[in-house]
Amino acid sequence: MDNFLDLAEINYFTPENAKFYKTKNGFAAMKAFMPPIPKDDLEVEEQQDKTPVWQDLGRVYFHRMFPFETPDEFISVLNKDGKEYGIIRRISDFSGEDADIIREALAKKYLCPEITKIISIKEQLGYSYWEVETDMGRMSFSMQDTYRNIARISDTRLILTDVDGNRYSIKDVLALDRKSYRRIELYL
Amino acid sequence: MKTKNTTPAKQIAAREKALAMAGGQADYSFDFNLSSDNRFSYGACVIHNGKIFLVCGDRTDTLDINAIDEFRYVNNIGCAAIEYTVGGEDYELCRSDMKNAVAMQIAVKMMTAVKEGRTVVNNELVVCPKCGRTLKPGATVCLNCINKKLLFMRLLPYAKPYAKQLTFAAVLFILISAINVLLPVLYKKLINNFITADDPNTTGFLLLIGAITLCGLVIAVAQMVRQIITAKTSNNILVKLREVLYAKIQELSLAGITRRSAGELINRITSDTMVLKDFLVGLFPELIQQALIIIGVFAVMLIFNWKLTLIILIPVPLLILMFSSIRKYTHRMYHRQWHTESDLGTILYDVFSGMRVVKVFGTEKKEEARFNKYARRVADISQRNERTWNLIVPFANFLLGIGEYAVILIVGKNILNNGGMGLGDLIQFISYVGIIYGPIRWMAYVPRRIAQTATSLAKVFEIIDEKSDVAETDKPIEKQIHGDIEFKNASFGYNAYEYVLKNINLEIKNGEMVGFVGRSGVGKTTAINLIMRLYDVSAGQISVDGIDIRKYSQHTLRSQIGVVLQETFLFHGTIYSNIAYAKPDATKEEVIRAAKLANAHEFIMRQPDGYNTYVGDRGYTLSGGERQRIAIARAILRNPRILILDEATASLDTETERQIQDAINRLISGRTTIAIAHRLSTLRNATKLVVFEKGMIEEVGTHEELMRSGGRYYKLVMAQRQMSKLIKNK
């Protein structure tokens, strides 16, 4: 045995074995060339025909495996119950309509405005009130336990989570203007 | 307090439009703020009379709830949506960022209830009446809008029993202030009448010195007594508060407790009450003392020379401003230092508790580098802070001297010009300036400390005010139970939008042994938690001996149920105290019998200190099987009518399992037993098996019946047999 990790199989979706489409109401769905999906998970042990066939998987759900590091690579494709059909290695493996459908579905699942400017931060009674400019317009939100709700992804990359559970990203704190940087410096 | 009601006009317009569509009435309504492609928009939804009225930007929609098969709340990342299904096709109703997530969860529950013909009383959505923000489930106060003054008033009832002591302390407060004001007057007399006088009188001089010394002594004694009294009363208040808080937390339902982490609850009992103590013992008395002294000094100064007083007061607001800005700056400095220091602590904790992993993977060097990096950072920051601090402080002290310089200038000039003032007047005024200016720097910290205290107070009272969602009825029934259990249309969900158990109907007669079977996460454990009333059903009912369990006293009910869980928690203490935990008045003989029945006696006798062996957190470590047998002994000791075994024998080796099975078999005769097990062979003695799937009961029957019908149970058994065959063949 060469490498014991080879025992785990990864089913990668490529333009050759996967074709994405939209349902009537605009949800992402796909057809795939893969071994038949067992209907009942209890029958796994029984002998099954493993020859791949083209099949319509219907609506599928996407989940980023490394949402912070590589948002456009390693995307898990799941069914309604969270069972994985396969993995998209890179969105750029796909082109045209396929890529558009994947990108659109991800944009609908992940909402995380990018903060471009910090207008003000006020602290009061253990809460901090933020007024910011984002790529989706001007926003204000409040955070509790501010220091702990800022995830430091790297030395310069931050993800803020507000009291409601919304997320805001700062790709590079050092790229912020001086005033914005001064305002957030306290929490770095 | 600022009101943060900043609902945009467009949002209000959307709400009004949706309400108008519903004919001006709403059973339930909520806002949402995203369009289907995740762009910000303004939308509102009204549910009324079985219909959904939707406004999203310019688009409007009306839907009939009964024409829809299913409603779903979809939790995305940073946003949420409501979806529905008609004829197998999914549709999206609306989407929003997380601000409206709670309201949307409740909406889904409402719509589902309407569809199923149930009426749901909407008592879950708590909105802060001031700012309109939806409060998190479990929160009862909006920390943003809470009235700080009222909050402090709530401490009064706790102080009431100490009214006498506090009055005495108040007298001392006034006494100390009065002497503080008087002292400079004595000094003035000393200088004007004796030191600078042409012919001083020795007796008067000695008397005055004596008076000054006496004043000093009185201040010292009064302060001592005052401190003792305030410390004693505030500590008593603190203890009372902690008692009330602790009792309240225990009274809360498991749901109320698990909503918050253990750490958070510990924090509220220890840290938050500690902040209150600091306030009551330190800040508050000091604040009163200083305020009294300043008022007194101010009055005397005004009488003495009002012009000079006003001149001295001019820089005060300026100084307060300056010190509060310095405070903000230094606060930022030390905040950063504190955080980096705490990061360093986290790293150390991490590495030391994971030392085995570090050693096994040989990553000592890497960890060292990581530690050095953070240690360096702490050093850099604290070095910089020290430098800044040392630059600020002398300068600030110089500025504080401004008042004194002004006095020297004006009074000194007056003395030089022989304007009727003496050196004594100068000294008196300089002392007063010191008294007024002294606390300014300290005062800059007061608002922050008060705010901190208010936050802690709010958190403490939030718990004290919380209503337990597993409430005791007015006249709880206390009686010996027989052991018949019945689920009638029982449904339950941990959160508002998802039922974990749906429409469970099940009858368990006294003396039966029932096995709950199914994959993990299908609701088996939830079902037994409901029987123990750790949670209350969301709909339907569970009865014991034909009486709704909500009518029993919780203590009576639980004291007749014995539970053995997969994870056994042993308290820090001896084996004996851990077994006797279930029945504190048990005799030694009873405990030994219980241990024998549980097959635990033998291994206990192998311990060096027998039943007195220390176990638990810092004690002797027992193996999984040994802990399990202690748990069984605990359950036996109670002689319960209903016995619940939740995966009691999983993750044990076969020999131990057999021993424990023996123990259990001795236990179940004549009692109602409910057992959850993944290893189906464990349930061979069951009189009835209940197969759960996706929150519902799929099959009920004996082993033979279920094997014959060839359903899910049959498949599960077959799968396990194949597994064991595979293992044997290898």
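Over all chains of this predicted model, the count of salt bridges comes to 30. One of them joins the side chains of Lys19(A) and Glu97(A), with an N to O distance of 4.0 Å. Since Lys19(A) belongs to strand β2 (residues 18-22) of chain A and Glu97(A) to helix α1 of chain A, the pair ties together parts that are 78 residues apart in sequence. Lys19(A) is itself partly exposed, its relative accessible area being 37%.

In chain B, Glu92(B) forms a salt bridge with Arg95(B), in which the closest N and O atoms are 3.0 Å apart, and Arg95(B) counts as buried at 4% relative accessibility. Another salt bridge brings together Glu590(B) and Lys583(B), at 2.9 Å from N to O; here Glu590(B) is partly exposed with a relative accessible area of 30%, and Lys583(B) is likewise partly exposed, at 26%.

How many salt bridges does the rule find across the interface of chain A and chain B? It finds two, and in one of the salt bridges Arg59(A) meets Glu83(B), the closest N and O atoms being 2.7 Å apart. These two residues also belong to a network of salt bridges that links Arg59(A), Glu70(B), Arg72(B), Glu83(B) and Asp90(B).

The contact as a whole draws 39 residues from chain A and 41 residues from chain B, and the two chains bury about 4000 Å² between them, with 51% of this area on carbon and sulfur atoms. Between chain A and chain B, ten residue pairs are in polar contact, both residues being at pLDDT 80 or more. On the side of chain A that touches chain B, at least two residues each come from several elements of chain A, including α1 (96-109), β8 (115-124) and β9 (127-134). The residues of that side divide into 14 nonpolar, nine polar and 16 charged.

In chain B, strand β6 (residues 79-86) is mostly covered, seven of its eight residues being buried. Strand β5 (residues 70-75) of chain B pairs with β6(B) in the antiparallel sense over six bridges, with Asn75(B) standing opposite Ala80(B), and in the hairpin of these strands, which has three residues between them, Gly78(B) takes a positive phi near 80°. β6(B) also pairs in the antiparallel sense with strand β7 (residues 89-97) of chain B, over eight bridges, where Cys79(B) stands opposite Asp97(B). In the hairpin of β6(B) and β7(B), with two residues between the strands, Gly87(B) takes a positive phi near 55°.

How values were computed. Residues numbered from 1 in each chain as written. Chains lettered and ligands numbered in written order. Predicted model: local features only at pLDDT ≥ 70, side-chain atom pairs only at ≥ 80, totals over all residues. Heavy atoms only, no water. Contact = heavy atoms within 4.5 Å. Buried area = accessible area lost by both parts, 1.4 Å probe. Polar contact = N/O pair within 3.5 Å; in protein donor to acceptor, adjacent residues only side chain to side chain. Helix = DSSP H or I, 4+ residues; strand = E, 2+ residues; numbered from the N terminus. Nonpolar A, V, L, I, M, F, W, Y, C, P; charged D, E, K, R; others polar. Buried < 20%, exposed > 50% of the residue type's maximum accessible area, 1.4 Å probe, protein only. Pairing = 2+ DSSP bridges.
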